[in-house]
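Hi,

Here is the structure I promised to pass on. Have a look at it first, and then read my notes below.

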Amino acid sequence: MTELSKTGAAVGEPTGTSPAPTAFLEVRDLKVHFPTDDGLVKSVDGLSFQLEKGKTLGIVGESGSGKSVTSLGIMGLHTAGQYGRRKAQISGEIWLDGTELLSADPDQVRRLRGREMAMIFQDPLSALHPYFTIGHQIVEAYRVHHNVDKKVAKRRAVEMLDRVGIPQPDKRVDSYPHEFSGGMRQRAMIAMALVNNPELLIADEPTTALDVTVQAQILDLIRDLQKEFGSAVIIITHDLGVVAELSDDILVMYGGRCVERGPAEKVFYEPRHPYTWGLLGSMPRLDREQQERLIPVKGSPPSLINIPSGCAFNPRCPYADIPKDDLTRTVRPELAEVGSQHWAACHMTTEQRERIWTEEIAPKL
Amino acid sequence: MSIPAQSEGTVITKGDAAPGEILLKVSGLQKHFPIRKGLLQRQVGAVRAVDGIDFEVRAGETLGVVGESGCGKSTMGRLITRLLEPTAGTVEFEGKDITHLGVSGMRPLRRDVQMIFQDPYSSLNPRHTIGTIIGAPFRLQGVTPEGGIKKEVQRLLSVVGLNPEHYNRYPHEFSGGQRQRIGIARALALNPKLVVADEPVSALDVSIQAQVVNLLDDLQQELGLTYVIIAHDLSVVRHVSDRIAVMYLGKIVELADRESLYKAPMHPYTKALMSAVPIPDPRRKNAKSERILLKGDVPSPISPPSGCRFHTRCWKATQICTTTEPPLIELKPGQRVACHHPENFEDQAPQDTVLLSVAKEAAELVSDEVLAESAETSAAVAAEVAAEVEVAEDAAPEASEDEASEDEAPAKEK
């Protein structure tokens, strides 16, 4: 890995004026827009965050909030090459270990992809090729980045399958994806993602398609593997329970932007954005006494073509009228620090939000 | 403890069944899907999707059904609505046996039993306006509501929180949550007595999910509906249900009131299932020890394990579990369990103490605290029971493996 980053340093020279960051992964003002016949879909519209090695960032949000587009953007899977049909417009900067990925040469990014950064997809059945054995697919992923013969690579594949807890790995390595159960397929995908010891692992809804008992096994596995390999992990999900289990930091997305970001404890116990309150109130919880009623967020998520002016959450926000001069409907709030390492984008003052949270929201949860 | 809104005494039930009366009774219900092979399509086996279940649904209540995928919960929903033909067993609705009624025999009953489907995208015909979709039940049943179908449909739309002016729109113009509301309006059109909802919210986003859950709650209060809600999400099921049935491989393993089930689950599977739910509380992140990790996957329903079906993954399994199927019996008032060695209760087969080797392996995944706690509560309950019946012998079931009773249960370790 190290020799790659060395050679990569020259290619990934910063194009803008901003200096190279110190964090392992830093995303600055990332925008991913898709032009369509109906207008420009602003899937991600100005997203910034940092992530250190050994840490886990949880990205939460509803469908269409731009979570998955962000992860695909980091992996460079949206880049409209000359053959690309999806001509996504991407801007901003993505720094991975000193290399800026968006301005880097596509070949360079391809060498990083799968080796320095790897991804676990939501649906293992559609992410695995049905014609090839599991072993073949893991071997392929390994040999792309390592100049070894097939035997060595296969031994490595068996080793990885064993590591992710597949019984009889030396036999199962020759199975086809359809011979595996859902949980085993997800394990095989994790084995494939980790076969090159990536330093950044992106898991996009890794357990959504799985049963709760299998989900517990997979979350356990991801946690153990992270301890073992010390990689940085981004976990994307809509399930706040999953995020709470795994993440050090949480980023809440709404309408393509980050509305709140901070350490997991802060976001759960002192959330400072009405949308985060809404998410927490919508969720029936097993660890609490039975709630009388859930507190849903009214309305539905915004269309990304027509994002509401001002704060994107304003049509659904019960507190939209608190800031003066119709600020919520005219000016887009920027992320502002509300505590140490804790940011939220809201026009209400920190005191107002603190009061609403402690007096109105928290007692009902 | 707050009394959930739906079980308040003010519920007005439509039709003949008074609240609390048995509306639907299912006994010995089975559904085996044949597997055919070869030129002659000879039957070589069967998927035992539902394999002998008994329960009843009382008027005005909500019965939640949980289980992992493949446990037969959806098949069960389709059997009680008679969308599938049962292999064996009976289904009684309001005291009338409807197990083998034909299409025309079922037609009048279709008014009373309605279904809400999981996927709001595939359960609405894209070529029909929502006015046509919600009005279809009236046309099929030959009912003309007061004021005409259109007026009634518009009323239903406003009942489920949609704009009545959207009568002429098509399903694609609506979001997922709105479509699910359309599905609910259609189910409510004929004033049903029983609504079977198969994963009504699992396709929806969290914030929308809460809207639909609250809507179902309100409708039950207003219309006195009876629900059977099938879902895999245990927190949603707890929120909506009065009683809950836990299914595993085509069988009900535990059927209890919500409170008893969540406070003191008796079947080890229920306990494992509940401990696996991720808790949205980062302070518990390192409290991994509370979790019971089950090994492997659910066995195939084509050839389910002998005896208790859970014995291949259970950390308490003994010899008797492999040979004798535990009956679903009422151990505590309102809590029926099918287990030889229940949690939080007196052991049903105390003489049998030799753990199977699979159980030992499984127990390695269960932390010592959980085992100790379960031993403690079981011993406490056992002592209580022993004191009650004044049995002199020590009924504590937690004899260690070495002190195994040799004669009754010869250790058969594979």
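**Two crossing helices in chain B**

In chain B, helix α3 (residues 130-141) and helix α4 (residues 149-159) have axes that come within 9 Å and cross at roughly 115 degrees. Axes here are lines fitted to C-alpha atoms, for helices over the stretch in contact, and angles run from 0 to 180 degrees between N-to-C directions. α3(B) and α4(B) are therefore roughly perpendicular to each other (65 to 115 degrees counts as that; under 35 is roughly parallel, over 145 roughly antiparallel and the rest oblique). From α3(B), the residues B:Gly131, B:Ile134, B:Gly135 and B:Phe138 meet B:Ile149, B:Lys150, B:Val153 and B:Leu156 of α4(B). Sorted by class, that contact of α3(B) with α4(B) has 5 nonpolar, 2 polar and 1 charged residues.

A few words on conventions. This is a predicted model, where local features need pLDDT of at least 70 and side-chain atom pairs count only at pLDDT 80 or more, while totals for chains, interfaces and linings use all residues. Residues are numbered from 1 along each chain as its sequence is written, and chains are lettered from A and ligands numbered from 1 in the order in which they are written. Helices (H or I, at least four residues) and strands (E, at least two) are DSSP runs, numbered from the N terminus. Two residues are in contact if their C-beta atoms, placed from the backbone, lie within 7 Å. For the classes, Ala, Val, Leu, Ile, Met, Phe, Trp, Tyr, Cys and Pro count as nonpolar, Asp, Glu, Lys and Arg as charged, and the others, Gly among them, as polar.

**The sheet in chain B**

Chain B also has an open sheet of 8 strands with mixed pairing, in the order β6-β7-β8-β3-β9-β10-β12-β11. Two strands pair if DSSP finds at least two bridges between them. β6 (113-116) and β11 (329-332) of chain B are at the edges with a single partner strand each, so one side of each has no neighbour in the sheet. From one strand to the next, the twist averages 25 degrees.

What does β9(B) pair with? Strand β9 (residues 243-248) of chain B pairs with strand β10 (residues 251-257) of chain B in the antiparallel sense over 6 bridges, and B:Arg243 stands opposite B:Asp257 in β10(B). Helix α9 (residues 268-275) of chain B packs on the sheet and touches β9 and β10 of chain B, its direction making about 100 degrees with that of β9(B). The hairpin of β9(B) and β10(B) has 2 residues between the strands, and B:Leu249 in the turn has a positive phi of about 50 degrees. Strand β3 (residues 62-66) of chain B runs parallel to β9(B), joined by 4 bridges; B:Leu63 has B:Arg243 as its bridge partner in β9(B).

β9(B) is mostly covered, with 6 of its 6 residues buried. By buried I mean 20 or more other C-beta atoms within 10 Å of a residue's own; 12 or fewer is exposed and in between is partly exposed, with C-beta atoms placed from the backbone. B:Arg243, B:Ala245 and B:Met247 point one way from β9(B), and B:Ile244, B:Val246 and B:Tyr248 the other way.

**Chain A**

Strand β3 (residues 56-60) of chain A is mostly covered too, with 5 of its 5 residues buried. β3(A) runs parallel to strand β8 (residues 232-237) of chain A over 5 bridges, where A:Val60 stands opposite A:Thr237. β3(A) also runs parallel to strand β9 (residues 249-254) of chain A, with 4 bridges, and A:Leu57 has A:Asp249 as its bridge partner there.

A:Gly310 sits in the loop between α12 and α13 (327-330) of chain A. A:Gly310 is partly exposed, with 19 other C-beta atoms within 10 Å. A:Gly310 and A:Thr330 are 20 residues apart in sequence but 4.3 Å apart in space, C-alpha to C-alpha.

**Where the chains meet**

Finally, 39 residues of chain A are in contact with 39 residues of chain B. On the chain A side, α9(A) gives the most, with 7 residues.

Cheers
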